[in-house]
Amino acid sequence: MHQYTNLEEVALMHILGAIVRFIVSALVLLFVGWIVPNFVVGGFWSAFFLAIVIAVLAWIIEGIFGKNITPFGRGIVGFLTSALIIWLAQFIVSGVRVTIIGAILAALIIGIIDIFIPVGDTFNTNSKRRRTAK
């Protein structure tokens with residue numbers, strides 16, 4: 001029987017956690033596509049890849065402009081950035097069609113859903129743990 005070291009177990013848990021977050025995000029995007037006009041997601045795999053693209057674009061924008069401008073930031077700037085990221089992601093993921101109004105409505109609905117089902121920042125899962133551990 002193979003014993004995992006703590007580092008291997010932690011890495012595996014991070015990978016599994018990221019996969020679960022992307023699946024939950026994909027399900028949220030499918031739901032949003034069902035209720036928001038002008039926001040069309042072609043199926044689960046389109047929603048899954050859309051969730052990945054949104055996370056990567058948010059990570060890139062956060063790296064350039066800082067945490068407060070990303071969808072994980074607060075306020076109107078984070079909200080509008082979220083809408084812009086959703087709108088831009090349609091050009092990367094096939095099976096997704098979004099208008100500007102659809103992206104704004106989707107960002108609003110996703111923000112409301114995130115209050116009840118927080119998915120979090122996939123690329124910064126340790127940041128809160130490190131801050132609370134100190």
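**Exercise 1.** Is Trp 45 buried or exposed?

*Solution.* The model is predicted: local features need pLDDT of at least 70 and side-chain atom pairs count only at pLDDT 80 or more, whereas totals for chains, interfaces and linings use all residues. Residues are numbered from 1 along each chain as its sequence is written, and side-chain values use heavy atoms, with hydrogens and water left out. Buried means under 20% relative accessible area, exposed over 50%, and partly exposed in between (1.4 Å probe, protein chains only). Trp 45 has a relative accessibility of 56% and therefore counts as exposed.

**Exercise 2.** Determine how Phe 22 and Phe 48 pair, and which parts the pair ties together.

*Solution.* Rings of Phe, Tyr and Trp (its six-membered ring) pair if their centres lie within 6.5 Å; planes under 30 degrees apart count as stacked, over 60 as edge-to-face and the rest as tilted. This rule gives 8 aromatic pairs. In one of them, Phe 22 and Phe 48 are edge-to-face, at 6.3 Å centre to centre and 75° between the planes. Phe 22 belongs to helix α1 (residues 6-35) and Phe 48 to helix α2, so the pair ties together parts 26 residues apart in sequence. Helices are DSSP runs (H or I, at least four residues), numbered from the N terminus. Phe 22 is buried at 11% relative accessible area, and Phe 48 is buried at 13%.

**Exercise 3.** Describe the pairing of Trp 45 with Phe 48.

*Solution.* Phe 48 also forms an edge-to-face pair with Trp 45, at 5.6 Å centre to centre and 80° between the planes. Both residues lie in helix α2, 3 residues apart, about one turn of the helix.

Methods. Helix = DSSP H or I, 4+ residues; strand = E, 2+ residues; numbered from the N terminus.
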